[in-house]
Amino acid sequence: MVKEFNIAEIREAFPILHQEVNGKPLVYLDNGATVQKPKAVIDAISNYYETINANVHRGVHSLSQWATDAMEGAREKVRAHINAPSTKEIIFTSGTTDSINIIASSFTTFVGKEDEIIISAIEHHSNIVPWQMLCERTGATLKVIPVLDNGELDQDTYAELLSAKTKMVAFNHISNSLGTINPVKEMIAAAHEVGAAVLIDGAQALPHLKVDVQDLDADFYAFSGHKMYAPTGVGVLFGKEEWLNKLPPYRGGGEMIATVTFEKSTYASLPHKFEAGTPNVAGNIALGAAIDFMNEIGLDAIASHESELVAYATEKLMQIEGMKIYGIAKNKAGVISFNIDGVHNYDLGVILDKLGIAVRTGHHCTQPIMDRFGIAGTARASFGMYNTKEDIDKFIAGVERAKNMLL
Ligand code: 7TS
């Protein structure tokens with residue numbers, strides 16, 4: 001059931017929002033780093049430990065069965081949420097970084113020294129470094145899709161970079177530094193034309209958009225629970241079954257095997273082949289609760305509320321003299337990165353914090369973007385479903401005040 005988008009009710013569901021920080025009511029605008037958790041998610045974790053804690057897929061006893069059922073129920077919720085064809089294609093991981101590393105590592109056997117991997121200029125370090133490591137292991141070459149001044153990827157150069165040598169294309173759905181929403185479906189189709197596989201880093205997309213992996217035709221799609229109202233330490237790797245069957249496992253250990261002898265081990269079927277060891281059972285169950293929570297509010301309602309906030313904040317920020325916003329793509333979500341002439345973003349962040357306003361400052365784990373724009377970092381305000389226009393008014397007043405103090 002989709003409830004009416006009731007911001008007061010939504011805010012009520014997040015206990016952390018109702019406190020003061022540095023003597024001021026908290027204004028939390030660092031949702032790109034991690035979002036706050038609703039009571040339903042916090043309760044899912046404590047209920048799990050209070051009533052069903054046991055290891056999964058192992059015991060004959062009831063608790064183990066309940067824990068297994070609850071975790072597999074959460075896997076089904078994830079499947080439905082991203083419209084994956086099968087739960088075999090949903091691997092629980094510790095987060096986006098882990099999900100990307102699984103594929104970059106398992107892909108080693110599919111890449112040779114004549115091959116190329118394409119990423120984009122606006123990737124988080126976690127979607128750069130694992131591919132560099134793959135290239136170091138295999139001798140393959142890393143190619144980078146450039147970014148235009150407005151924060152959009154240079155699609156003409158992308159078309160030129162694609163060739164029969166391209167084995168993998170990896171880029172984000174939404175940039176965490178610029179907010180650009182990439183034309184994922186078109187870019188995937190172009191990569192498939194040359195026979196390349198595609199991994200999408202969806203860390204910033206899941207909190208803001210409806211994602212349909214079948215419609216996008218993504219081969220792999222990675223995301224983190226903690227950016228979509230679930231706990232830290234849980235994440236998901238979606239992979240097409242045909243790919244996951246072909247790829248070797250990334251980690252060996254318990255739960256990922258069918259048989260083990262000292263001569264040879266055989267591997268479990270999907271998804272367990274990629275889930276060695278005891279998983280984050282409570283976290284995975286809580287991810288299911290976070291999905292329920294988001295769906296109750298309605299993904300479209302969340303998206304339209306947040307895009308109003310981005311538009312409102314952008315308009316207000318632009319009225320400040322000396323303001324420069326990085327990332328003005330036509331299709332944009334979630335974040336606003338900015339600098340003010342003569343003001344260091346770190347100093348701005350410290351003063352805002354004294355006013356109870358949380359933003360992120362620095363390079364946002366995207367150093368190449370900062371290099372591209374010739375800056376060391378930015379201040380970044382990023383939005384969640386519980387933010388309000390009043391939050392933005394306080395933020396704008398805080399930015400003005402900090403500017404007057406610093407200049
Ligand atoms: N990819 C993108 C696009 C991200 O924004 C992040 C985290 C990651 C990958 C890594 O996610 P993790 O959960 O595995 O750490 N981004 C940020 C950020 O913008 N500020 O702090 C973390």
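The chain holds 14 helices and 17 strands, where helices (H or I, at least four residues) and strands (E, at least two) are DSSP runs numbered from the N terminus. This is a predicted model, in which local features need pLDDT of at least 70 and side-chain atom pairs count only at pLDDT 80 or more, while totals for chains, interfaces and linings use all residues. Residues are numbered from 1 along each chain as its sequence is written, and side-chain values use heavy atoms, with hydrogens and water left out.

**Overall dimensions.** For 407 residues a compact globule would have a radius of gyration near 22 Å, and the chain agrees with its 22 Å; the radius is taken over C-alpha atoms, and the globule rule is 2.2 Å times the number of residues to the power 0.38. The C-alpha trace spans about 70 × 55 × 35 Å along its principal axes. Of the 407 residues, 55% are buried, where buried means under 20% relative accessible area, exposed over 50%, and partly exposed in between (1.4 Å probe, protein chains only). Among contacts with a separation of 6 or more, 71% are between residues 24 or more positions apart, a contact being heavy atoms within 4.5 Å.

**Strand S7.** Strand S7 (residues 166-172) is mostly covered, since 6 of its 7 residues are buried. The table lists its pairings; two strands pair if DSSP finds at least two bridges between them.

| Strands | Bridges | Direction |
|---|---|---|
| S5 (residues 116-120) and S7 | 3 bridges | parallel |
| S7 and S8 (residues 197-201) | 5 bridges | parallel |

Ile118 has Val169 in S7 as its bridge partner, and Asn172 is partnered by Asp201 in S8.

**Helix H14.** Helix H14 (residues 389-406) has 18 residues and reaches 25 Å from its first C-alpha to its last, close to the 26 Å expected at 1.5 Å a residue, the expected span being 1.5 Å times one less than the number of residues. Its buried residues include Asp391, Ile392, Phe395 and Val399. Seen down the axis of H14, the buried residues fall within an arc of 160 degrees, so they line one face of the helix; the arc is that of the directions from the helix axis to the C-beta atoms. On the other side of H14, Glu390, Asn404 and Met405 are exposed.

**Asn53.** The loop between helix H2 (39-52) and helix H3 (62-82) contains Asn53, which is partly exposed with a relative accessible area of 40%. Leaving aside residues up to four places away in sequence, Asn53 touches Tyr48 and Leu63.
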